[in-house]
Amino acid sequence: MYNRKVAGVLTDIGTEEMAHMEMICAIVHQLTRDLTPEQIEKSGFAPYYIDHTTGLYPVAAAGTPFTATYFQSKGDAITDLHEDMAAEQKARTTYDNLLRLIKDPDVCDPLRFLRERELVHYQRFGESLRMVQDDLDSRNFYAFNPEFDMSKLKNK
């Protein structure tokens, strides 16, 4: 990233996202560590348990394992920041859906915190997008890649 302020924002958010994953893993661990075989079977957790016991294994609610194909990156700051903003909104929606289903305050409170952070990340990505666009010497910033076409920057 040519813009050092934006690079700093990306580093900060990326670091915080790793902490979010740690929080989610801690919640899952706390909810599953003392389950009896009967509770595992009754809860519908048995297929997961058979493959992973109560170990943490990143998988979507529908059962699809995590894959690097989830990462969307084009190497174009404008494109990538729009994708980052969309990802934050998708995460917020997921937290909204979880909060509609879960009533345990020990789970809901950290989920609410994480949801709020997604809103902040969305705003910070939006501010970063504006910084990138402001660096360009053309208002038609959808016509080129500022990461590659450095001659289009105001202060090259």
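Helix 1 and helix 4 of this predicted model pack with their axes 14 Å apart, at an angle of about 25°. Axes are lines fitted to C-alpha atoms, for helices over the stretch in contact, and angles run from 0 to 180 degrees between N-to-C directions. Helix 1 is therefore roughly parallel to helix 4, a term for angles under 35 degrees, whereas angles over 145 count as roughly antiparallel. Helix 1 passes helix 4 in a left-handed crossing, in which the near helix is turned anticlockwise from the far one by less than a right angle. Helices are DSSP runs (H or I, at least four residues), numbered from the N terminus. Residues are numbered from 1 along each chain as its sequence is written. Local features need pLDDT of at least 70 and side-chain atom pairs pLDDT 80 or more, while totals for chains, interfaces and linings use all residues, and side-chain values use heavy atoms, without hydrogens and water.

Helix 5 packs against both of these helices. Its axis comes within 11 Å of that of helix 1, and the two cross at roughly 165°; helix 1 and helix 5 are therefore roughly antiparallel. The crossing of helix 1 past helix 5 is left-handed. Their contact has 16 nonpolar, three polar and seven charged residues. Here Ala, Val, Leu, Ile, Met, Phe, Trp, Tyr, Cys and Pro count as nonpolar, Asp, Glu, Lys and Arg as charged, and the others, Gly among them, as polar. For helix 4 and helix 5, the axes are 9 Å apart and the angle is about 165°, so this pair is also roughly antiparallel. Helix 4 passes helix 5 in a left-handed crossing, and the residues of that contact comprise 16 nonpolar, five polar and seven charged.

Tyr2 lies in the segment before helix 1. The C-alpha atoms of Tyr2 and Val132 are separated by 9.2 Å, although the two residues are 130 apart along the chain. The side chain of Tyr2 also makes a polar contact with that of Asp135, at 3.4 Å (a pair of N or O atoms within 3.5 Å, one able to donate a hydrogen and the other to accept it; residues adjacent in sequence count only if both atoms are side-chain atoms).

The largest pocket holds about 2500 Å³ of space. A pocket is an open set of points on a 1 Å grid over the protein atoms alone where a 1.4 Å probe fits, with protein on both sides within 12 Å along at least five of seven lines; lining residues have an atom within 4 Å of a point. Grid points are joined across faces, edges and corners, and the volume is the space filled by probe spheres set on the points. Of the 49 lining residues, Met21, Ile24, Val59, Thr94 and Tyr95 are the closest to the pocket centre. Helix 1 gives the largest share of the lining, 13 residues.

Methods. Parallel < 35°, antiparallel > 145°, perpendicular 65-115°, else oblique.
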